[in-house]
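Hi,

Here is the model I promised to pass on.

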Amino acid sequence: MANVTLPDGRIFRVSSGTTAEQIAEQMDAALAKAAVAARVNGKVVDLSTPITNDANVQIITAKDDQGLEIMRHSCAHVMAEAICSVWPTTKLVYGPTVEDGFYYDIDLDEPIRPDDFGRIEQKMQEIVSADKAFIRREMSKAEALAKLAGDRYKVDNINRADSDTISFYSHGDGFEDLCRGPHVPSTGRVGSFKIMSVAGAYWHGDPTQKMLQRVYGTAWATKQQLDDYLQRLDEAKKRDHRVLGKQLDLFSFNEAGPGFAFIHPKGMIVWNEIVNYWRGVHDKYGYQEIKTPLILNEQLWHRSGHWDNYKENMYFTTFDDASYAIKPMNCPGGCLVYRTRQHSYREFPMRVAELGLVHRHEASGVIHGLFRVRQFTQDDAHIFCTPQQIESEVIGVIELTFEIYRTFGFEDFHVELSTKPEKHIGSDEAWDIATRALKGALEHKAIPYKINEGEGAFYGPKIDFHIKDCLKRSWQLGTIQLDFSMPERFGLVYTDADNTEKTPVMIHRAVLGSFERFIGILIEHYAGHLPLWLSPEQARILPISEKTNDYAGIVQTKLKEAGLRCSCDLSDGKIGAKIARAYGEKLPCMLVVGPKEAESNTVNVRLRGIEPNKTMPIEEFLETAKRKIANKEADLAL
Ligand SMILES: [Zn+2]
Ligand SMILES: [Zn+2]
């Protein structure tokens, strides 16, 4: 007999060898039906796994992240069977999960085309409807190698396996694939799926190897979830910042500078509004600002360690018989500023910010609109402090970060803490103090966080901030990194209270990350409907006919005096056409003026996406608009 402890503390006594699935059936029939796998003593396993000793058992469904992943991976097997049945010469390579779905790399000479997706899906549906059991079979590595001799891909997979026992999974009759598992109990549980795309991919990402076909799919627990996902993708396509950026005349790219953004006048208004706000908040939080050169001697980059660790992504230039690098990061420049004079513990913490323009060479295949560029402005800062000040400084950075995210309308964020990796510098004691300080700060702010064990930088632990946009897409923006390396490399010191020279703690931090990327995210999050305070043109006055052009001019002067960015549409067109144009430009406020308004000193206010229109005195509109801009309100309603 074995004692099975459930997550709610209930204990079941079962005979040894009872499977997780049988336990689920005893617990709750509905749960058993939705179950995809089980967590036994923390390890995720097939539902068919027998329980032989006392264990903690949790039945997991596709509502659980790992459960969903197992379902998606199982769907990859179903797709593999379907592809093999359509093209029997297919050789299967590798089929992992990815965000929102899965892929399978296959070796097949005939190219699979989007036209073929329908018949693959149909075959998959047949396999799912047949609800065939996933059956696990184990053998030794040697037996597995003998069984698959001649299949270079699978032999390679076996050789890469870290276990001596190799497992195979079959769906009922026939189809079998080498896999570590776990899987859903039967093909009927793979949920709702769709094949999304096919692309070329080299074996092991190695361009000297054969080009394979990578078939991507997505799978969800219910048809509703699949439909919602497809709709989100559709919406994301409509919000593509590259399309909106062009349509709204915010920025462009040119083949003269691939990966380098050209920011247009309207884009610069958005940019400068962000900069002004950013400066104000940093001033409030006690930061100073510096600016350091773009081009610095190559020797400096040897000293900073970038030469050894980052050279491939850097741009270089030569003049006056010396080699220079274009900075990929602002830290070395910040260290040189620090070193221009002596420092005392009394001036700590020193918070020094820099809107630094950095250049990083990205492969041409990965550059993507404003999201991935080769030149960007980082909202960087370096904090120099004592070890005792780390925690309170990190608390300050967290507060400032959240304040900024909220201002831009992002309320949904999560935090990850990455700890000491195997390869690291600095003493265990220093790591301990720093990691405890980071945890202490997060706990002080009662912020839940995920720990990425061993994933910190080699020079110190870090916290990353991720936000979710309105399409539930996650973006990593901010970071706080402790650094035990750079202050020493640059010989930075301060005089402590006991009159001895010590090395300061250096905290690197960024809130928005890259200005370019952040503007891209804002455009997609708001679908181009930027909040009033960020809008390049905040209001447009639309006279009904030329008879009210003069009055429109008076209104415009008043708006301009109040500091609003506005224009008058004095074109010949009908009022409907003027409204449609302003609407297309996604302007927040349209003020329609006709003889009635001119007579009563009023404006007819149309707000983007808000009904009904309202007629009001000019002053009333101005007062509300000014307040909304000053408070950076996202809601337009007057
Ligand atoms: Zn598998
Ligand atoms: Zn830095």
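This is a predicted model: local features need pLDDT of at least 70, side-chain atom pairs count only at pLDDT 80 or more; totals for chains, interfaces and linings use all residues.

**The chain overall**

You are looking at 638 residues, of which 50% are buried. The secondary structure comes to 20 helices and 35 strands. Along the principal axes, the C-alpha atoms fill a box of roughly 85 × 75 × 60 Å. If you take the contacts with a separation of 6 or more, 68% of them are between residues 24 or more positions apart. The chain exposes about 30,500 Å², and carbon and sulfur atoms supply 49% of that area. As for charge, there are 77 positive and 89 negative ones, and their mean positions sit 3 Å apart.

**Zinc ion (ligand 1)**

Which residues hold this ion? The donors are His 73 (NE2), His 77 (NE2), Cys 179 (SG) and His 183 (NE2), at 1.9 to 2.1 Å. The angles subtended by the four donor atoms run from 89 to 125 degrees, which makes the arrangement tetrahedral. For that label, all angles have to lie between 85 and 135 degrees. Written as a sequence pattern, the donor residues are spaced H-x3-H-x101-C-x3-H. One pair here links distant parts of the chain: His 77 belongs to helix 3 (residues 65–86), while His 183 is in the loop between strand 13 (176–178) and strand 14 (192–202), 106 residues apart. Both His 77 and His 183 are buried.

Pro 182 lies in the loop between strand 13 and strand 14, and a cis peptide bond joins Gly 181 to Pro 182, with omega at about -5 degrees.

**Zinc ion (ligand 2)**

The other zinc site has Cys 331 (SG), His 382 (NE2) and His 508 (ND1) as its coordinating residues, at 2.0 to 2.3 Å. Their spacing in sequence is C-x50-H-x125-H. Cys 331 lies in helix 12 (residues 331–338) and His 382 in strand 23 (residues 375–385), so this pair ties together parts of the chain that are 51 residues apart in sequence. Cys 331 and His 382 are buried. Water is not among the atoms, so a site may look incomplete; please keep that in mind when you look at the three donors listed here.

Pro 612 is found in strand 35 (residues 610–617).

- Asn 499 has phi at about 70 degrees. Its place is in the loop between strand 28 (494–495) and strand 29 (501–502). Buried or exposed? Asn 499 is exposed, with a relative accessible area of 67%.
- Lys 586 has phi near 60 degrees and is found in the loop between helix 18 (575–584) and strand 33 (589–593). Lys 586 has a relative accessible area of 17%, and it counts as buried because the limit for that is under 20%.

**Two more residues**

Glu 416 lies in strand 24 (residues 413–418) and counts as buried, at 12% relative accessibility. Leaving out residues up to four places away in sequence, Glu 416 touches Lys 450, Asn 452, Lys 462, Ile 463, Asp 464 and His 466. For a sense of distance, Glu 416 and Arg 242 are 174 residues apart along the chain, and their C-alpha atoms are separated by 29 Å.

Tyr 345 has its place in the loop between helix 12 and strand 22 (350–359). Tyr 345 is partly exposed, at a relative accessible area of 29%. Again leaving out residues up to four places away in sequence, Tyr 345 touches Tyr 494, Thr 495, Asp 496 and Ala 497. Tyr 345 and Lys 558 are 213 residues apart in sequence, and C-alpha to C-alpha they are 52 Å apart in space.

That's the lot from me. Over to you!

Cheers

How values were computed. Residues are numbered from 1 along each chain as its sequence is written. Chains are lettered from A and ligands numbered from 1 in the order in which they are written. Side-chain values use heavy atoms; hydrogens and water are left out. Donors are N, O and S atoms within 2.8 Å of the metal (3.2 Å for Na, K and Ca); water is not among the atoms, so sites may look incomplete. Four donors count as tetrahedral if all angles lie between 85 and 135 degrees; four count as square planar and six as octahedral if opposite donors are over 155 degrees apart and all others between 65 and 115; anything else is irregular. Helices (H or I, at least four residues) and strands (E, at least two) are DSSP runs, numbered from the N terminus. Buried means under 20% relative accessible area, exposed over 50%, partly exposed in between (1.4 Å probe, protein chains only). Contact means heavy atoms within 4.5 Å. Accessible areas come from the Shrake-Rupley method with a 1.4 Å probe; for residues, only the protein chains shown count as cover. Lys and Arg count as positive and Asp and Glu as negative; His and the chain ends are not counted. The place of a charge is taken as NZ of Lys, CZ of Arg, CG of Asp or CD of Glu.
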